[in-house]
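Let's walk through this model together, with charges and rings as our guides. Have a look at the fold before reading on.

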Amino acid sequence: MGYKNKELLTNWANNIDKVAELTKHSTTRTARKTRLSELLNTISTGKILGAKERKELNGKKVILTSNSKANPVPALIECLGSPEQLPAFLKMFYPEMLQREDYKQACSIATSNIQQMPSGRGSGASQAVKNLFVQANKYDPWRADKKLLADVWQAVNLIAVNQVTGHQIAKEPGRGIYITKDLVMDMLEHPEKATKTKIANALILMRIAGAVHLMQPSELTDSGLKLTQFNHDGKLVNSHHVYTLGDFNTADWSLVSDNFNLNLNTQISKEMLIQLFGEKVASGYFPDLHGGIGKTEIDFFMTLKAQSGYTNEVIMSAKAAADTISSLTSVKDRTARQYIDQACNVRPIEMEKMSKSEAKRLGYVLGGYKDTKPAEKLIVPTSKEALRMCLEKLAGKNDKLKKELKTRMHR
């Protein structure tokens with residue numbers, strides 16, 4: 001991203017005098033900082049990196065380079081080369097920050113996880129991993145969400161190294177992390193492309209894969225156990241922020257790619273997890289999930305799927321589906337429309353909501369919906385058979401559309 005001092009910092013061990021001059025600071029201001037993000041928000045991070053800096057409206061610092069902005073922690077780590085450089089770097093230039101016992105292990109685990117991310121379609125990663133993290137081509141409709149999912153995964157790992165001082169919270173060194181959406185936002189390389197909703201949904205997908213999971217009592221140290229509850233209006237309330245950080249390569253990413261479309265705007269309900277993975281898993285590892293689409297609505301969509309068969313004809317208008325759900329469950333229209341999005345996010349249901357104009361463009365048979373408004377939302381089948389029929393209908397037409405349909409078919 002054009003940090004002028006990147007080469008110097010990457011080889012900092014051989015340039016100690018120059019880096020010491022860049023990192024000169026008042027220890028009275030930094031001695032009580034516990035997180036790396038707090039430290040970098042206090043010192044002249046832009047000077048160290050060789051880039052401009054400024055404070056955002058919330059008082060947090062961002063680094064400005066190449067007409068873009070980045071959070072200080074990923075910017076520093078990019079210049080150092082990897083999180084593994086942090087323990088020695090901080091000990092040399094910021095010795096007042098007393099490092100927790102398992103800090104080196106946390107930095108090592110984070111480095112390994114970040115490096116295991118696939119670099120492209122030609123990498124040796126599994127198809128499930130590529131479906132979630134690597135864009136198939138420039139026509140990939142999930143391109144933006146794939147990039148954000150990868151950014152959130154890096155951010156989760158950087159949370160592990162962001163907490164420099166303090167106590168070990170997991171019995172296995174380096175694995176304990178305290179995750180909130182705000183902390184993830186502080187660690188993102190491209191925070192301007194994220195929302196808290198997308199961050200929350202990305203975390204759920206990672207938890208489904210087992211890349212990170214809500215820490216169980218048997219995994220916690222005494223210090224970790226103290227973080228599982230907090231005082232709210234005089235009552236102790238369970239906290240769902242203490243997690244175990246897993247390994248990228250041992251996570252089962254097929255649990256995500258086989259069961260869910262990559263749509264970070266849409267949440268996954270607990271009932272859907274119960275239907276797919278069982279009550280024990282859903283209750284034990286996802287106690288923080290509430291609301292969302294229920295069994296009645298799921299059954300309704302599965303019935304629609306069975307009735308539609310394997311054709312490329314429009315199944316139903318989104319409005320008609322929302323009206324039916326509202327009458328079945330007495331929920332408000334807005335909630336019913338959210339349930340449609342949640343149902344279409346589940347791959348076994350094999351449906352997608354799209355505008356009439358897009359459905360026509362992709363080769364779906366509109367049938368009785370030809371005269372509706374162009375922006376009318378319709379529910380269409382997304383089975384391989386349906387997509388193949390769309391391809392056949394588009395034979396000899398726009399190559400871009402055919403490539404987009406093939407991408408959808410092989411996701």
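The paragraphs below cover salt bridges, an aromatic cluster, a strand contact and a charged patch.

First, some ground rules: this is a predicted model, in which local features need pLDDT of at least 70, side-chain atom pairs count only at pLDDT 80 or more, and totals for chains, interfaces and linings use all residues. Residues are numbered from 1 along each chain as its sequence is written, and side-chain values use heavy atoms, with hydrogens and water left out.

Let's begin with charge pairs. Searching the whole structure gives 24 salt bridges (a side-chain nitrogen of Lys or Arg within 4 Å of a carboxyl oxygen of Asp or Glu). One of them joins Glu-78 to Lys-6, with 3.7 Å between the closest N and O atoms. Glu-78 sits in helix H6 (residues 72-80) and Lys-6 in helix H1 (residues 6-10), so this pair ties together parts 72 residues apart in sequence. Helices here are DSSP runs (H or I, at least four residues), as are strands (E, at least two), numbered from the N terminus. Glu-78 is partly exposed at 23% relative accessible area, and Lys-6 is partly exposed at 33% (buried means under 20%, exposed over 50%, partly exposed in between, with a 1.4 Å probe and protein chains only).

Asp-323 and Lys-319 have their closest N and O atoms 3.1 Å apart; both belong to helix H18 (residues 318-329), 4 residues apart, or about one turn of the helix. Here Asp-323 is partly exposed at 36%, while Lys-319 is exposed at 54%. Elsewhere, salt bridges link Glu-352, Glu-358, Arg-361, Glu-404 and Arg-408 into a network.

Now for the rings. The whole structure holds 9 aromatic pairs (ring centres of Phe, Tyr and Trp, the last by its six-membered ring, within 6.5 Å; planes under 30 degrees apart are stacked, over 60 edge-to-face, the rest tilted). Phe-133 and Trp-253 make an edge-to-face pair, 5.0 Å centre to centre with 90° between the planes. Phe-133 lies in helix H9 (residues 127-133) and Trp-253 in the loop between strand S8 (242-245) and helix H14 (254-257), so the pair connects parts 120 residues apart in sequence.

Finally, look at Ser-355 in strand S10 (residues 351-355). Ser-355 is buried, at 13% relative accessible area, and its C-alpha atom is 4.3 Å from that of Lys-377, 22 residues away along the chain.
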